[in-house]
Amino acid sequence: MVHHASEASQSVSPAIKRFIWSRLPSWSWIPLAVFLVLQFQGALLGLTDDEAYYWVLAQKPALGYAYHPPAVAWFIAAAEALFGGVFDHSAALVRLPATLSAALTVALALFWMGRAGAPARRISHGGAVLLSFVGFFSLAWMMVPDLPLFLGWMAAFVATWEICFGASRSRLFPSLLFAGIVLTLLSKYSGLLAAGSAGLAILLWAPRDRRMSGVLAVIAGVIVAAVPAIIWNAQHEWASILYQVRDRHGGAEVSLKRFARFWAAEALLAGPLLLAFGAAVLRGALHSSEEKKVYRYVLMWAVPGALVFCLQPLWSDFKLHWAFVVWWPLALAFGWAFARQDRAARFARAQIIYGFSLGALVLLSCHLPLTGFVNRAFSGRTPDPRWDVTNDLYGWQKLRDFLREHGGEDAFRIPVVGSRYQTAAQAAFGLGQAGTATLLPRDLKARDEWPSLGVSDHEGPEWPILKSPVWYVADNRYTEGPSFRNANCVPAGRVEELRWGLPAKWIDVWRCDPSSTK
């Protein structure tokens, strides 16, 4: 009897496997490959300064933070709660939500291509075009707010398409739209652009019997996501919102040079052919063609971001990744057109070669100091490590051993202090559970993000009076030393990190003790 049952289970198992594999789309291996490659890359490297800061925020989940809404910290906190026993305290655990978000974003994008009419057998070709967006995918292993933003954006994009043009009347898509809008707005305030695109598309193109449910999903998503932002900002003198709309762009002036620099950098990161494909999208949207519906829909999502992020560098500083939400819908259209073998996508193979080649170079440069090699070859001198931003991924993991060696029994009883969020956050993550770290001085925005630890006399932008001993850290990028008003600070030494014989990072450490002089 047992023998027959065993044979039955062995015969059923392959049948179940065949059933599952037959239901999976032919492109399903692409999101899995994206996840594995990005997770492997992220597990081998230390955290960036911003990632370490988001990890600090995740240790105290809140309704908002100084610079961004809370999604990035919530994602990290959830990963630590669910998988902390698997990954322990590591960069791999911090980055797990990023790599999962990237993989799910790709899966939703490929799903949309099929729903928009791309042949199933060629959707993987469209996926190759998507992955050639080197600025996004070569860095998608980093846990930054853009990863949950793109996931929410893609969910809203797919759901809105189905509400407007899909054959199904399922309630799944209004629910997906609601979730996507909430996630985009909890990731970045610029998620409002996605909400506007979704709402306008539904008003213009959705059938009458679906229009109300779609609009209500958008409105409900905006309201739900706005609640934590409003509560937090109301308790912090609207610091986060004012930073976004006023402080970040203070002292702006028109600069054609900066504007040209922006376009050159975006052409490099997105690929010149991807940017050029925007002309094909515009042409297809204006003329009567089979692709008209898709191209108009894509422009509905690209144009609002373009009006903000592609013009803003004309009068104020920019960050390179802000405009990625403009190029992403173009990449979707480029991949879709290539999957359909449209003439408009005839240069897609060149875009794929460009993106994959540059992407491989970016991934490799995180492990080999390529900038330093080139610099030394041409100048004959040891290069300044600050010229290579990948050096910021190294060095801080040595801080714990340094303090143990130089501090004896009191090494981890004394908190570590940094005067920049970058150094304080890297010190906090480097110490993990072994010690504590905080930021001093702390302004209103940072008050709830960092523990006071009872080491200073007040909160505010001025250097405080020290009440108990601290270690103070600075690195080769943020070099400011301690300026406590009553402390005797003595250099304890320097932590140094080399990459292939070239200097990558140094961390200066002081021991600061309160003195009677004020």
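Author: Grid points are joined across faces, edges and corners, and a volume is the space filled by probe spheres set on the points. This is a predicted model, where local features need pLDDT of at least 70 and side-chain atom pairs count only at pLDDT 80 or more, while totals for chains, interfaces and linings use all residues. Residues are numbered from 1 along each chain as its sequence is written, and side-chain values use heavy atoms, with hydrogens and water left out.

Reader: How many cavities does the structure hold at 30 Å³ or more?

Author: There are 3 cavities of that volume or above. The largest has about 100 Å³ of space, and its lining includes Leu 149, Trp 153, Ser 190, Trp 301 and Val 325. Helices H8, H10 and H15 each give two or more residues to that lining, with H10 giving the most, 4 residues. Helices (H or I, at least four residues) and strands (E, at least two) are DSSP runs, numbered from the N terminus.

Reader: What makes a lining residue of the largest cavity nonpolar, polar or charged, and how many of each are there?

Author: Ala, Val, Leu, Ile, Met, Phe, Trp, Tyr, Cys and Pro count as nonpolar, Asp, Glu, Lys and Arg as charged, and the others, Gly among them, as polar. On that basis, the lining of the largest cavity has 6 nonpolar, 5 polar and no charged residues. In the second largest cavity, with about 70 Å³ of space, the lining has 6 nonpolar, 4 polar and 2 charged residues. Among the residues lining this second cavity are Asp 384, Trp 387, Asp 388 and Pro 503. H18 and S5 each supply at least two of its lining residues, and H18 has the largest share, 3 residues.

Reader: And the pockets: what is the volume of the largest pocket, and which residues lie closest to its centre?

Author: The largest pocket has a volume of about 1800 Å³. It is lined by 48 residues, and those closest to its centre are Leu 139, Met 142, Leu 320, His 321 and Val 389. Elements giving two or more residues to this lining include helix H3 (49–58), helix H8 (146–165) and helix H20 (421–431). By class, the lining of the largest pocket has 28 nonpolar, 9 polar and 11 charged residues. The second largest pocket holds about 490 Å³ and has 21 lining residues, with Tyr 189, Ser 190, Gln 244, Arg 248 and Phe 309 nearest its centre. Its lining divides into 12 nonpolar, 6 polar and 3 charged residues, and H12 makes the largest contribution, 3 residues.

Reader: On which side of the cut-offs do Gln 341 and Trp 500 fall, buried or exposed?

Author: Gln 341 has 56% relative accessibility, so it counts as exposed. Trp 500, with a relative accessible area of 60%, is therefore exposed too. Gln 341 is in the loop between helix H16 (324–339) and helix H17 (348–365), and Trp 500 is in the loop between strand S4 (487–499) and strand S5 (502–514).

Reader: How do you know whether the span of helix H14 agrees with its residue count?

Author: The expected span of a helix is 1.5 Å times one less than its number of residues. Helix H14 (residues 272–286) has 15 residues, so it should span 21 Å, and its end C-alpha atoms are 22 Å apart, which agrees. Its buried residues include Leu 274, Phe 277, Val 281 and Ala 285. The buried residues of H14 pack against H13, H15, H16 and H17.

Reader: Last one: which form does the peptide bond from Leu 440 to Pro 441 take, cis or trans?

Author: That bond is cis, with omega near -5°. Pro 441 sits in the loop between strand S2 (437–439) and strand S3 (470–475).

Methods. Buried means under 20% relative accessible area, exposed over 50%, partly exposed in between (1.4 Å probe, protein chains only). On a 1 Å grid over the protein atoms alone, a cavity is a set of points where a 1.4 Å probe fits but cannot get out, and a pocket is an open set with protein on both sides within 12 Å along at least five of seven lines; lining residues have an atom within 4 Å of a point. Contact means heavy atoms within 4.5 Å.
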